[in-house]
Amino acid sequence: MLENVICAYASEASKAVETAVKDDNGLLTNLLHDGYFSFGLFFLLLALLAVIFGIKASRRFVINHLKYIALVIFLLGVILYGIGYNEENSGSEWNFIALGFRSVLSSLEMFISHSDLIEVDKIWHHCPIYMAAFSLIHFLAVLVSAIFVVQLLGFRLISWIRMIFLWIQTFNRKKLNLYIFWGFNDISFTLAKDIVNVEKQKKEKWTKEKTDKTENYKIIFVALPSEESGSHQRFTFSHFFSGTSHGKSKLDKCEDLNALVIYSKKNLSIDDVPAEETSKKWNLFKKVGLKVLGRLLERVHTTKIFFLSDNEDDNIKSTLIMRLAASKGDASLQNKPINIYCHARRDNQNVILENMALDGNETSNITVHIIDSSYLSVLSLKMNPVYHPVNFVKKDTTRGIVQSPFTALIIGFGETGQDALKFLYEFGAFVGEDGNKSPFKCYAIDQHMDALRGDFYMKAPALVGNDEVELIQGSNQMPQFWDELHKIINQLNYVVIAIGDDQKSISFAINLYEFACRYRENNLEHFKIFVRSSYNSEKNIQLRDIANYYNQSNRESLGEIIIFGSTKEVFTYDMVVNDRVKRDAMGFLNVYEGKPLGDIDSVEYSTLWTDRHNVNATVEKYRSKNNPKAKPTIRHFVIQDIKRQEFQDMANVYHVATKLKLVGMFDATVEELNRICESFTGKKVTSTDVEYPNGSEQLNDMMKNLAKCEHLRWNTSHEMMGYTRNEDITSAYIIAQKHHCLVAWDEMDRLNLGSYKEYDYLVVETSFKLRKDTLSKL
């Protein structure tokens with residue numbers, strides 16, 4: 001009974017539709033037959049699609065919801081084909097089994113650009129509404145498939161086209177600077193994002209100042225074969241409905257940065273570089289399938305190449321191959337400044353890559369920068385005056401001395417732990433109330449210390465037998481660790497946890513924090529725990545949330561858990577590309593040599609620094625000395641000595657904060673600093689000391705103690721660089737890394753080295769002048 005009723009209603013509806021089609025009436029039907037209206041509607045739909053894909057937000061919405069859009073189009077296709085297959089007097093008429101499966105199969109075929117219109121009842125071929133809907137749905141199905149295929153397989157084609165357009169743009173007069181990242185990882189994306197922000201600020205500044213700057217930039221990511229494994233997989237519908245295609249999140253990040261992505265067919269290999277220099281024009285990039293990039297490099301103004309993968313060996317190998325290609329005449333690597341940033345440890349063999357640029361060889365246009373994440377993470381502590389050891393001791397600011405010892409504990413003596421020891425040993429050297437070095441103690445514990453100790457002492461022989469530094473074999477999980485910690489907890493100021501595991505690090509930090517609250521007297525004044533973060537951004541957020549919770553909940557205790565060394569904090573334009581530390585050090589050198597601080601972006605700002613890089617002149621200077629051992633001076637050691645001087649400027653520029661905090665003048669005004677600087681005029685230099693007749697007795701005492709502090713800093717810095725006392729002769733011996741000034745302040749007079757004290761005073765004077773000039777520019 002019910003079946004007959006349904007069939008009757010359906011039959012009547014079908015006849016009504018058939019009649020309407022045959023009669024060819026209705027407003028929409030008439031409009032679709034109107035050429036002007038249909039033509040306008042066609043372009044309106046195209047414009048709507050253009051707007052959708054032209055706006056990043058809507059384009060991203062379509063891509064992220066592609067499977068849902070495809071499902072809707074699929075269901076509309078099923079309905080369309082179901083109507084078209086419902087032929088009168090056929091086996092499919094109201095046969096839902098036949099209609100359903102036929103419609104589903106035909107609707108699926110829409111996505112591979114196949115149409116079954118010929119099988120649709122011919123009555124619908126004459127219906128403009130049906131044909132318009134049929135055409136639109138099929139077009140959208142093909143469009144969805146094209147978007148998916150592009151996401152899965154065709155992104156390289158789009159990138160290639162964009163690279164061609166970029167190459168064409170280089171024919172105008174704008175200078176193009178390239179940032180090329182070799183591979184994808186969190187470090188690369190973090191740095192690239194900061195580069196975009198800095199470049200945006202530059203353009204805003206140029207626009208505001210109405211300068212005629214015509215420079216432009218582009219970020220390019222090179223996808224390596226190992227990173228595009230999914231791009232050669234067979235297409236299946238499981239890909240389509242899986243939610244993401246290969247590298248989708250990476251490509252999304254690149255799109256957010258407006259960066260180009262190009263695909264290398266192979267990794268860099270030494271086999272792709274000619275054995276001998278050839279006059280024939282050749283290109284390393286062509287060898288690895290990056291021909292367009294090679295041509296682009298020939299026309300750009302400057303190039304910065306980043307090898308920032310987690311594999312140090314790959315980074316070093318790629319850097320060496322790039323330098324070798326330049327030396328063999330690679331046209332794309334000639335006649336322009338090229339900076340290569342290599343993520344690796346700053347050990348002796350890797351630093352040589354940096355030193356090569358100083359030696360004036362055939363690849364002098366290529367400068368290599370070793371990017372050591374452990375070094376940079378500790379450097380972030382050094383650059384922040386709040387984290388200097390001077391904040392963890394009691395001070396007599398009228399004299400510039402300290403009245404309490406400094407005690408540190410380092411958990412984990414890997415790369416970060418060793419760099420942390422160097423920082424604390426150098427910046428924790430103060431003058432005590434008796435005029436000598438204030439008590440300093442640093443405990444470093446590692447379960448592999450027996451293996452690490454030998455290498456550390458080989459690099460810093462002056463610390464062998466030094467009671468101030470104690471290297472302990474063991475683990476913080478051993479019961480006796482807490483027993484020993486209980487003995488020193490009241491003196492402990494500074495804890496660095498660098499064990500390489502975020503969960504274990506924060507867990508131990510919490511335990512240590514609660515242990516200190518329980519047993520330490522006077523709350524946690526002058527006490528902080530520093531936890532080294534890993535590269536994982538999500539874990540870093542968790543670590544900071546936990547640390548913030550403890551810090552807020554226990555702020556009355558005055559102690560803190562501080563997370564440092566995160567990727568976002570370390571891998572910035574300022575730290576990596578702009579080399580902030582070196583540029584700050586240039587300013588210190590300028591003021592030290594009596595020059596104005598200058599504009600950091602001017603050419604004159606770096607003149608003194610660059611002039612010091614004249615290796616040949618330095619070699620002659622050492623050979624001219626009356627020192628037989630200095631005659632056969634080796635260029636490598638001269639370069640090392642130049643780097644030594646640079647490291648002293650880098651340390652001193654940040655030690656300014658420590659010196660000023662010792663005398664309570666870190667927050668002094670320009671006027672107050674200027675009054676002190678005026679007292680430096682008319683100073684008297686004797687064979688044993690420096691006096692300031694225009695200054696008060698208190699100022700002379702203060703300056704003397706600060707000069708002593710600088711001498712202590714200089715001593716500890718050189719000890720960590722591997723220097724020992726030179727007892728045989730009265731001049732520095734750079735090959736053996738010996739120096740005659742590695743003695744106590746008072747002993748310099750006995751050895752007739754008192755005149756060298758003037759250098760310490762000059763550093764102190766420079767500290768005040770630099771602080772004054774810096775504040776004056778603000």
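A residue is called buried when its relative accessible area is under 20%, exposed when that area is over 50%, and partly exposed in between. The model is predicted.

- K266 and D272 form a salt bridge, with 3.2 Å between the closest N and O atoms.
- K266 has a relative accessibility of 30% and so is partly exposed.
- D272, at 11% relative accessible area, is buried because its value is under 20%.

**D701 with R399**
- A salt bridge joins the side chains of D701 and R399, at 3.4 Å from N to O.
- This pair connects distant parts of the chain, 302 residues apart: D701 lies in helix α28 (residues 697–720), and R399 lies in the loop between β7 (395–396) and β8 (401–402).
- D701 is partly exposed because its relative accessibility of 29% falls between the two cut-offs.
- R399 is likewise partly exposed, at 30% relative accessible area.

**K683 with E765**
- The side chains of K683 and E765 meet in a salt bridge of 3.0 Å, N to O.
- Distant parts of the chain are linked here as well, with the partners 82 residues apart: K683 is in the loop between α27 (670–678) and β15 (684–685), and E765 is in helix α30 (residues 757–777).
- K683 is partly exposed, with a relative accessible area of 23%, whereas E765 is buried at 4% relative accessibility.

**A network**
- Salt bridges link R346, E354, K643 and E646 in a network.

Note on methods. Residues numbered from 1 in each chain as written. Predicted model: local features only at pLDDT ≥ 70, side-chain atom pairs only at ≥ 80, totals over all residues. Heavy atoms only, no water. Salt bridge = Lys/Arg side-chain N within 4 Å of Asp/Glu carboxyl O. Buried < 20%, exposed > 50% of the residue type's maximum accessible area, 1.4 Å probe, protein only. Helix = DSSP H or I, 4+ residues; strand = E, 2+ residues; numbered from the N terminus.
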